[in-house]
Amino acid sequence: MDTDLPITLTTKGLFEANDKNSQFLISKLEAWLNFKALGANWYGDESLVVNMNFTILPENQFLDLQVDSDKNWIPINLPGLTAIYNHDMSKQSFICMIMFSNDELNVAMKDSSQVENTFQLKLAACANVLATYYHLPAI
């Protein structure tokens with residue numbers, strides 16, 4: 001298995017570029033998601049390690065996304081989760097853009113303690129949708 005984590009997380013437009021607290025939160029969420037996947041035995045077969053690259057964006061940037069039209073982007077619209085993803089079957093990898101709604105942003109501005117939990121719920125829900133392609137158990 002590569003030394004890079006199979007599941008990566010970035011954000012765009014949500015935090016200041018050099019904010020150490022935000023960077024710590026993103027690293028913590030990335031580690032949490034990889035640990036949950038490990039606990040669900042997603043990495044039991046090293047020949048079938050699925051890579052997922054998540055980017056969380058504020059609603060206005062998500063709605064204005066200019067995605068590569070050469071790729072097949074598939075929408076996810078579930079309660080609490082709006083996202084699009086592209087699946088590269090040859091590399092067993094996904095690129096996924098997740099929307100952080102204006103309402104969620106307003107709640108986060110009033111009570112920052114809710115941000116981590118909200119991100120965890122979105123990331124787990126999205127990862128579980130993508131995992132179905134490879135019959136992986138839910139995290």
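Predicted model: local features only at pLDDT ≥ 70, side-chain atom pairs only at ≥ 80, totals over all residues.
1. Two strands pair if DSSP finds at least two bridges between them.

2. Strand β3 (residues 74-78) runs antiparallel to β4, and five bridges join the two. Within this pair, Ile76 stands opposite Ala83 of β4. The hairpin of β3 and β4 has two residues between the strands, and Gly80 in this hairpin takes a positive phi near 80°.

3. On to the next pair: β4 and β5 are also antiparallel, joined by six bridges. Here Ala83 faces Ile98 in β5. Four residues lie between the strands in this hairpin, where Gln92 has a positive phi near 50°.

4. How many residues of β4 are buried? Six of its eight are, so β4 is largely enclosed by the rest of the structure.

5. The largest nonpolar core has 34 residues, and those touching the most other members are Trp42, Met52, Phe54, Ile98 and Phe119. At least two residues of this core come from each of β1 (7-11), α1 (20-39), β2 (51-58), β4 (81-88), β5 (93-100) and α4 (115-131). The largest share, seven residues, is supplied by α4. In soluble globular proteins, nonpolar side chains tend to be buried together.

6. Leaving aside residues up to four places away in sequence, Ile98 touches a set that includes Phe54, Ile56, Leu81, Ala83, Leu123 and Cys126. Leu57 and Phe62 are also among the contacts of Ile98. A second, separate core of six residues includes Leu57 and Phe62, along with Ile84 and Met99.

Note on methods
Residues numbered from 1 in each chain as written. Heavy atoms only, no water. Core = buried A, V, L, I, M, F, W, Y, C linked by side-chain atoms within 4.5 Å. Buried < 20%, exposed > 50% of the residue type's maximum accessible area, 1.4 Å probe, protein only. Contact = heavy atoms within 4.5 Å.
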